[in-house]
Amino acid sequence: MSSFWEELTKLLGGFTIFATILAWLIKTLMSHLLSKDVEAFKIKLQSESAEKIERFKNELLVAAKEHETRFGKLHEKRLETLSELFVLLEDARLATKTFVYSLSVPQSKDETDLESLATSTLEKCVKPISLFRRNRLYFNEEIAEKIDKLLSDLQSSAGKYDIQSRLPE
């Protein structure tokens, strides 16, 4: 019976050693294959991320250029409108100044000349108002309110005479 146990121990011992070596070989082989897969995956991931980063950079550059173009045109249009508004305001200011001066000079002009001058002045005051109202969206609210007040004051100075001259005495 002791030989049975000895044979069984040898057999189990041999099988255990064989199984351990086989497990170690399988583990080493799997570890090696997985490390290769991890390296390949890491390289693939790096190249894909670099490609996506480049694509994103290009999209950002395109968006920045579009933004620059759009707001460049907006500023250009704003400047153009301001220039035109300034010219019309200066014409209206000079016309108003001339009209007020004509009122202050005694008997310098007859009533029809004054009415004609008032109408002309009022027309020159309406032009910048019309231009501003068509292009108001190019200005922020604070500036728009200041320009509105200026135009309102300018128009009212010529408009007062025009209204008063038409009232029955």
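**Exercise 1. Identify which residues make the nonpolar surface patch of about 710 Å², and state where Ile26 is found.**

Step 1. The nonpolar patch of about 710 Å² is made by Phe15, Phe18, Leu22, Ile26, Leu29, Met30 and Leu33. Patches are made of residues with over 30% relative accessible area and no salt bridge, with like charges joined within 9 Å and nonpolar side chains (Val, Leu, Ile, Met, Phe, Trp, Tyr) within 5 Å. Accessible areas come from the Shrake-Rupley method with a 1.4 Å probe, and for residues only the protein chains shown count as cover.

Step 2. The model is predicted, so local features need pLDDT of at least 70 and side-chain atom pairs count only at pLDDT 80 or more, while totals for chains, interfaces and linings use all residues. Residues are numbered from 1 along each chain as its sequence is written, and side-chain values use heavy atoms, with hydrogens and water left out.

Step 3. Ile26 is found in helix α1, residues 2–104. Helices (H or I, at least four residues) and strands (E, at least two) are DSSP runs, numbered from the N terminus.

Step 4. Ile26 has a relative accessible area of 47% and is therefore partly exposed; buried means under 20%, exposed over 50%, and partly exposed in between (1.4 Å probe, protein chains only).

**Exercise 2. Determine which parts are tied together by the pair Asp148 and Arg136.**

Step 1. The side chains of Asp148 and Arg136 meet in a salt bridge of 2.3 Å, N to O.

Step 2. Asp148 lies in helix α3 (residues 141–166) and Arg136 in the loop between α2 (111–135) and α3, so the pair ties together parts that are 12 residues apart in sequence.

Step 3. Asp148 is partly exposed, with 27% relative accessible area, and Arg136 is partly exposed at 26%.

Step 4. Arg136, Glu141 and Asp148 are linked in a network of salt bridges.

Key: A salt bridge is a side-chain nitrogen of Lys or Arg within 4 Å of a carboxyl oxygen of Asp or Glu.
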